Amino acid sequence: MYQKEIKQSNENIVFHSIYFTENSFSIPDLTRITDMTFPTIKRVVNEFLEKNIIKEWTLSTGGVGRRAVKYRYNPDFCYSIGVSVDEEKIKFIMINTIGDILCSKTIETTNENFITFFERNLNDFIMEIDSKYVSKVIGVGISIPGIYNKENHFLEFNNIDRYEASIIKELEKKINFPIWVENEANMSILAEAIIGKHKDLTDFTVISINNKVTCSTFHKFGNKSDDYFFKASRVHHMIVDYENKKKVGDCISFKVLKDKIIKAFPNISSLDEFFLNKLHRESKEGKKIIDEYLNYMGIILKNLLFTYNPKKLIISGELSRYGTYLLEDILNIVYEKGHIFYRGRETISFSNFKGNSSIIGAALFPIVDKLM
């Protein structure tokens, strides 16, 4: 390994260590955590101080003689932009390194050329960000419901529009930031793995339920960014009802649920109104819609549990905003009497990101890829 690569590896290891440390730390602390020498840690700490990645905090207490200087991680030393794309809207956010959303914007899509529309609105969002933040932005992560095929050099923003991967390089030159693109399920799983409530798990599965239904599995076998992998699968197109020739996307996409509820209750404009109103939610028609929806979801979740046997199966995407109303019924359907799953009801949970997991994961992608 070249000396520069060793130096970079050391910095990444130290960064990974301090990123996940909520408390203050000293150079001796880092030597114990990383198993590196004091001079190596001292050099990295000095570089991190210059880059404002860490700040001096206090002098440690206790003991005799000179006390060690303590440091704290600075989550605002840089920022990143996240974008999520679906057939109805494009969402933009800017976050700091621990996922705090500092500004956001949502734009409804139009019938004009998608790339032209996307480029213009991404530029507009960047222009609206305060200059004190823009100067510290390190990249843009884009979450798409389609696929980004690096082997064959193409990407799909949806089922219709396929583009040569070279458009990403062209877009990078126009906005003057590097760009990362990934499937929305992989972006959701990245958010869960880095800052989610189950970030300590070494393997789990995420099903992302938006207008498209996607799934991804996560496996970690070390403490560096290249010591884990995630892989998306296109469950949206899997057949779940052979008799009626229904696919997963036909049965449990967020769009399917939303359209059925709004059609049955024309006086409401959103699912928030439906779930917050007990008269709607527990009406005969409301219960019928939810029961049919959850029965299909039960079939799909059972298949995922049998296929992957994950330590956790996390339901993310727009549907996760209503997990409080749905979780108990889902568990009763999946874990019926006499079930034969290896793990129990605690396996399934809803994401805490309330519909933002894929866009937060997209924004985290540049941070993880460049710094960990």
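This report describes the sheets, helix packing, nonpolar cores and selected residues of a predicted model.

## Basis of the model

Local features in this predicted model need pLDDT of at least 70, side-chain atom pairs count only at pLDDT 80 or more, and totals for chains, interfaces and linings use all residues. Residues are numbered from 1 along each chain as its sequence is written, and side-chain values use heavy atoms, with hydrogens and water left out.

Helices (H or I, at least four residues) and strands (E, at least two) are DSSP runs numbered from the N terminus.

## The five-stranded sheet

Five strands make up an open sheet in the order S6-S5-S4-S7-S11, and the pairing is mixed. Two strands count as paired if DSSP finds at least two bridges between them. The edges are strand S6 (101-108) and strand S11 (179-183); each has a single partner strand, so one side of each is left without a neighbour in the sheet. On average, neighbouring strands of this sheet are turned by 15° against each other, direction ignored. For such angles, axes are lines fitted to C-alpha atoms, for helices over the stretch in contact, and angles run from 0 to 180 degrees between N-to-C directions.

Within the sheet, strand S4 (residues 79-85) pairs with strand S7 (residues 137-144) in the parallel sense over five bridges. Tyrosine 79 is placed opposite valine 137 in S7, and isoleucine 81 has valine 140 in S7 as its bridge partner. S7 is also joined to S11 by five bridges, and these two strands run parallel. Here isoleucine 142 stands opposite valine 181 in S11, and isoleucine 144 opposite asparagine 183 in S11.

## Cover over S7 and S11

Eight of the eight residues of S7 are buried, as are five of the five residues of S11. Buried means under 20% relative accessible area, exposed means over 50%, and partly exposed lies in between (1.4 Å probe, protein chains only). Helix H7 (residues 184-195) lies across S7 and S11, and runs at about 105° to S11.

## Isoleucine 81

Isoleucine 81 belongs to strand S4. With 0% relative accessibility, isoleucine 81 counts as buried. Leaving out residues up to four places away in sequence, isoleucine 81 touches Ile93, Met94, Phe125, Ile126, Ile129, Val137, Gly139, Val140, Gly141, Ala362 and Ala363. Contact means heavy atoms within 4.5 Å. Serine 24 is 57 residues apart from isoleucine 81 along the chain, and their C-alpha atoms are separated by 28 Å.

## The three-stranded sheet

Another open sheet has three strands in the order S8-S9-S10, with antiparallel pairing. Its edge strands, strand S8 (148-149) and strand S10 (162-164), each pair on one side only. S8 and strand S9 (residues 154-156) run antiparallel and are joined by two bridges. Asparagine 149 stands opposite phenylalanine 154 in S9.

## Nonpolar cores

In soluble globular proteins, nonpolar side chains tend to be buried together. A nonpolar core is a set of buried Ala, Val, Leu, Ile, Met, Phe, Trp, Tyr and Cys residues joined through side-chain atoms within 4.5 Å. The largest such core in this model has 45 residues, and those with the most contacts inside it are Val14, Phe15, Ile18, Phe48, Ile53 and Ile54. Helix H14 (residues 357-371) gives the most to this core, with nine residues. Another core lies apart from it and has 39 residues, including Ile268, Phe274, Phe275 and Leu301.

Isoleucine 54 touches Ile18, Phe25, Val45, Phe48, Leu49, Tyr71, Arg72, Tyr73 and Asn74, not counting residues up to four places away in sequence.

## Packing of H9 and H12

Helix H9 (residues 254-264) and helix H12 (residues 284-308) pack at an angle of about 165°, and their axes are 10 Å apart. H9 and H12 are therefore roughly antiparallel to each other. Angles under 35 degrees count as roughly parallel, over 145 as roughly antiparallel, 65 to 115 as roughly perpendicular and the rest as oblique. H9 contributes Leu257, Lys260, Ile261 and Ala264 to the contact, and H12 contributes Glu285, Ile289, Ile290, Glu292 and Tyr293.

## Asparagine 211

Asparagine 211 is in the loop between strand S12 (203-209) and strand S13 (213-220). At 9% relative accessibility, asparagine 211 counts as buried. Asparagine 211 touches Asp86, Glu87, Glu88, His236, Ser253, Phe254 and Lys255, with residues up to four places away in sequence not counted.
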